[in-house]
Amino acid sequence: MGRKQYVIQFGGLSVGTHLFEMEINDSFFKNFELSEISDSTINVKIELVKQNNLISLNFDINGEVNIACDRCAKPVPVPLSISESIVVKHGNTEESTDEILVLPHGETEVDVSHLLYEFVSLAIPARRVPCEEDENVECDNEALKKLNDLTEQKTKKKSNEINPLWEKLNELKKTKSKNQ
């Protein structure tokens with residue numbers, strides 16, 4: 001499924017309130033590069049209030065997404081409950097802000113896919129280590145052990161390598177101590 005299901009046609013709607021419902025799943029997030037969200041089930045309700053000059057969109061987003069734990073990369077479910085509003089009007093598109101979306105004159109539809117992606121992405125916590133927050137959640141110990149082993153190997157390898165600049169300084173130090 002493409003993004004067409006997230007386009008709201010408002011051109012033929014009468015003045016008043018209209019309700020739209022949609023679902024967001026894994027295929028939605030695959031349309032966005034570098035999305036770290038996987039395994040999602042999100043229900044979206046959009047209340048469109050059409051007036052003569054502008055449109056108000058009220059988003060009610062509820063569901064769950066899976067993201068990787070920052071410590072062990074184990075998939076972690078994150079519940080979402082988001083309420084956002086945005087105003088849509090016609091005019092100069094360069095005047096758009098976070099709260100106001102400006103469409104070119106004559107436009108009769110609005111694509112809300114990017115708005116939905118932003119709302120969901122911003123609702124995800126910046127630091128995701130569930131084992132620190134919930135006693136019932138444990139990190140993947142095998143992944144942690146493997147990560148620690150790789151880190152130790154890299155540290156040992158770096159400590160064995162000598163920077164050529166330090167090597168020359170060490171030679172100078174040795175020759176100076178022999179001369180004294």
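**Reading a predicted fold: loop, strands, aromatic pairs and pocket**

Analyst: Leu-34 has its place in the loop between α1 and β3 (38–50). Helices (H or I, at least four residues) and strands (E, at least two) are DSSP runs, numbered from the N terminus. The model is predicted, so local features need pLDDT of at least 70 and side-chain atom pairs count only at pLDDT 80 or more, while totals for chains, interfaces and linings use all residues. Residues are numbered from 1 along each chain as its sequence is written, and side-chain values use heavy atoms, with hydrogens and water left out.

User: Is Leu-34 buried or exposed, and what is the value of its phi?

Analyst: Buried means under 20% relative accessible area, exposed over 50%, and partly exposed in between (1.4 Å probe, protein chains only). Leu-34 is exposed, because its relative accessible area is 83%. The phi of Leu-34 is near 60 degrees, which is a positive value in a residue other than glycine.

User: How should I read Ser-56, and which residues does it touch?

Analyst: Contact means heavy atoms within 4.5 Å. Ser-56 belongs to strand β4 (residues 54–68) and is buried, with a relative accessible area of 17%. Not counting residues up to four places away in sequence, Ser-56 touches Glu-47, Leu-48, Val-49, Ile-86 and Val-87.

User: In which strand is Val-76 found, and what distance separates the C-alpha atoms of Val-76 and Asn-66?

Analyst: Val-76 is part of strand β5 and is buried at a relative accessible area of 10%. Val-76 and Asn-66 are ten residues apart along the chain, and their C-alpha atoms are separated by 5.2 Å.

User: How many aromatic pairs does the structure hold?

Analyst: A pair of aromatic rings is described by the distance of the centres and the angle of the planes. Rings of Phe, Tyr and Trp (its six-membered ring) pair if their centres lie within 6.5 Å; planes under 30 degrees apart count as stacked, over 60 as edge-to-face and the rest as tilted. The structure holds six such pairs. One of them joins Tyr-6 and Phe-28 edge-to-face, at 4.8 Å centre to centre with 70 degrees between the planes. Tyr-6 lies in the segment before β1 (7–9) and Phe-28 in helix α1 (residues 26–30), so this pair ties together parts that are 22 residues apart in sequence. Tyr-6 counts as buried at 1% relative accessibility, and Phe-28 also counts as buried at 1%. Phe-59 and Phe-119 form another edge-to-face pair, with 5.1 Å centre to centre and 65 degrees between the planes. Because Phe-59 lies in strand β4 and Phe-119 in helix α2, that pair ties together parts that are 60 residues apart in sequence. Phe-59 is buried at 3% relative accessible area, and Phe-119 counts as buried at 12%.

User: Which residues form one aromatic cluster?

Analyst: The cluster is formed by Tyr-6, Phe-28, Phe-29, Phe-32 and Tyr-117.

User: What is the volume of the largest pocket, and which element gives the most to its lining?

Analyst: On a 1 Å grid over the protein atoms alone, a pocket is an open set of points where a 1.4 Å probe fits, with protein on both sides within 12 Å along at least five of seven lines; lining residues have an atom within 4 Å of a point. The volume is the space filled by probe spheres set on the points, which are joined across faces, edges and corners. The largest pocket has a volume of about 280 Å³. Among its 14 lining residues, Ile-86, Asp-98, Leu-115, Glu-118 and Phe-119 are the closest to its centre. At least two lining residues come from each of β5 (75–90), β6 (100–103) and α2 (113–123), and α2 gives the most, with five. The lining divides into seven nonpolar, three polar and four charged residues (Ala, Val, Leu, Ile, Met, Phe, Trp, Tyr, Cys and Pro count as nonpolar, Asp, Glu, Lys and Arg as charged, and the others, Gly among them, as polar).
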